[in-house]
Amino acid sequence: MDTASGSSSVLRQLGLYALLTIVGIALLMWAMSWIASVTGSAERTQTAIDPETRSASFLLGDEPPQLDSSKATDALSGMVLGHVMEGLLAYNENNQLTAGVAERWDIRERGATFWLRRDAKWSNGEPITAHDFVYSWRLAVDPANSSQYAFLLYAVKNGEAITQGKMPLESLGVTAIDDYTLEVEFENSTAYFGKLVAFSTYYPINEKFHKSVKDRFGADADTLLYSGPYMIENWVHGASLKMVRNPHYWNPGRGGLDIIDFPYITSDPNARLNLFKDGKIAIAGLSAENLGEAIDRRWQMNAFAEGVVFYIEFNHRPGRVTGNRHLRRAMQLVNDPAELVYKVTKLPGYLPGKSLFPVWVQGVNGFFRQEYPAPEAPVNIEQARWHLEQAKQELGLDEIPPLILLTGDNPLSTLQSEYYQDRFKRTLGLDVRIDKQIFKQRLEKMTAGEFDMVMAGWGPDFDDPLTFGDLFASWNEQNRGKYASSELDAQVRIAQRSVDTQERMDAFGEIQRILFEDAVILPGYERGIVYVVDERLEGVVRRAVGPDPDYTFARIREGS
Amino acid sequence: MWRYAFKRLIQGIITVWFIATATFVAMQMAPGDPLSGEKALSEEIRANLEAKYGLDKHPVQQYFIYMGNLLKGDLGISYTQQNRQVNDIIAEHFPVSAILGVLAIVFAALGGILLGALTALFRNKAPDVIIMFLVILGISVPSFVVAAIAQLSLVNINDLLGFSLLPVAGWGTVQHMLIPALVLGLSTMAFLTRLMRSSMLEIINADYVRTARSKGLPESRIFSRHMLRNAILPVVTVLGPAIAGITTGGFVVELVFAIPGLGRYFVQAVQQLDYTVIMGTTVFYGAFLVLMVIIVDLLYGWVDPRVRLD
């Protein structure tokens, strides 16, 4: 090994091996690329925007879990479905409810009639008829189909009884009078029924097609029949999803994109931004860390309130000190959402919480929160301490025992719960114990009532204040702290039964007041997002309720 | 040899059965409930779902039903994607993980062997010091950091060049595989380099190497026949578990590079408490790992005739 010639010949040998290795790897990769092309997303548009093919590329945060519209519950599936399916009514680019498959409709106190347009067709060219709606609505409440969103159909007569197995499917209050007229009977009067039928659970399903694919319905691109402006041409699970125009859609002039492509599926925020920077996707959400870079690069930025509210909920079960109103009032008076949002979490697009009803909810003529301003409790530590003393007296305690704050295990929840812990200790001398749990375990503890306070959040199911308004009704299963107030229950009943908008909104106003005066929740924030858009793209619709983002109205700017 | 292989196979099957049973028991004891979601379920809807997945039956009964289906090769339906069979999920996504894993292991093994040999030949000289420094880095920096840095560098390189040298993420062509496979194989490569270096160093001064040299054999022949072939043995031993580890542990790399591999489903299933997918992937990965170990043991006898298999 010491001789120069020996060592150099060894090196030559090693070099030869290295060369062989590289050649071998190259051959191997070449062989593998054709295997991968079967499982992957090869031969796709290589840029975010392609004016020639009128296509735009985006990123999906995850694989859509459920494209069977009778069962879908999550926002992502709802987004995809919103592009390829259309119900009786739909939201337009201004987020107004407008004609979908139905061209006219009449909603009365005890029922509704929908007249379907004759040119609405499935993607196989067959007409969409009233029978397709009867079939899908029955499917949604069918116990054998076990849909988690069956409850959305409880507005229709006998919906709940059918889900419980007490009545036959045929008793559901929906009838096809003829191919193009659909008659609906309500269980109770439902003023917001028009908004319900825009939701995915109410989309039509073609009986013949559904029965031909059986359990595989919605599992792949070819096991779905499309009623919307686009259809899924190609879906490689976990890798990509590509939508093209539905040639049979009744309104061919809608939107300017011929291809809506999702060539990437990942939840990694950095990957998302990197793909945007590399010109591969047209929209990317920003996190606090990327904000500076986005400003430096002069990207077109947009903010949007996502519609989800977050708050602390108290446990009102017997034996919990948080059942005491004075204690809750004391905490309400030191709660400072503005400090939380602007100084602690510092996330772009987030708004300090003020009410259970988020800012975008519609009231009588305008925004609900403008017509019924949320009552506010400015921070008042002295008054808070007085309430705390009252609470101790009423409870007969010298000291309030440590309060358990149940929370999730993500970094944001951690930051937030530690802030509350410090805040309540500093202002009121209260000890808060953080109980950090993974998602499923947190839900289990919430349902079992193993907490004093829990950090909860709520996103809307349909575009009516009721989606938030009935959360703390004593019978609502979502009311995990078992808050019960006959006053609030009465207002919820009015909001559910009345068909008079003014009367209903007054009821929501009352609910908002009761929640505040009884300190049922401590508002935290309304979640928002800041995102960047490729400047060549316009008309992407964002909305809190319904498919979001909606690319069906998007177009590529002229000259780009 | 055949008797040995048969014996190992039986042992393997028992191991897989044990893995399946242990996973089943662990899942029954795990807190939480696969059906729960952010939105509370009403009693009747929950009852309908429980009936669908057989959760209304006694756990012992559930166990026998599950084992019966497993023998038939039916892993059930996913809880989160209610229209997808676990069999389909594995069949669609494992090949992706496998391709990426094989490529990564080829990088790792060849790179590790070559670099290890190089460092041993240049012991305590510049190449040795530099490579060993990189090796320590490769072992200690976690893959999510390496993956993120690699991707960011790629973006900047593409930006600088003005055209796309290599895709930043995605899957489907050979260009898509290169960087993810390198990142995935990096820590194993570093580990193998160290292993190879130490086993080379042992052999450099071995008697038979000196004998070979005194016989007047050319250095290159001594190197490839006497040194490399002997030094490679420990590397082969760890290769089996490493293949299984890399193929199953690519979650982070799959996430960062948007690759539709099985690792993502595996991790998500655990977070979602998706019973059938957890069971399916765990049993599948378990069987895969066991098979790899058996294959390596058999290979070992072939590489090193001193090892007798019986």
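How much accessible surface does chain B have, and what share of that surface belongs to carbon and sulfur atoms? The accessible surface comes to about 14,400 Å², and 68% of it belongs to carbon and sulfur atoms; the areas come from the Shrake-Rupley method with a 1.4 Å probe.

A quick note before going on: this is a predicted model, where local features need pLDDT of at least 70, side-chain atom pairs count only at pLDDT 80 or more, and totals for chains, interfaces and linings use all residues. Residues are numbered from 1 along each chain as its sequence is written, chains are lettered from A in the order in which they are written, and side-chain values use heavy atoms, without hydrogens and water.

Chain B has 13 helices and zero strands (DSSP runs: H or I of at least four residues for helices, E of at least two for strands). Of its 310 residues, 51% are buried, meaning under 20% relative accessible area with a 1.4 Å probe, protein chains only.

Now for the rings. Over all chains there are 32 aromatic pairs (Phe, Tyr or six-membered Trp rings with centres within 6.5 Å; planes under 30 degrees apart are stacked, over 60 edge-to-face, the rest tilted). Here are two edge-to-face ones:

| Pair | Centres apart | Plane angle |
|---|---|---|
| B:Phe24 and B:Tyr63 | 5.3 Å | 65° |
| B:Phe94 and B:Phe288 | 5.2 Å | 75° |

B:Phe24 sits in helix H1 and B:Tyr63 in helix H3, 39 residues apart, and both are buried. B:Phe94 is in helix H4 and B:Phe288 in helix H13, so this pair ties together parts 194 residues apart in sequence. These two Phe residues, B:Phe94 and B:Phe288, are buried as well.

Terms used. Buried means under 20% relative accessible area, exposed over 50%, partly exposed in between (1.4 Å probe, protein chains only).
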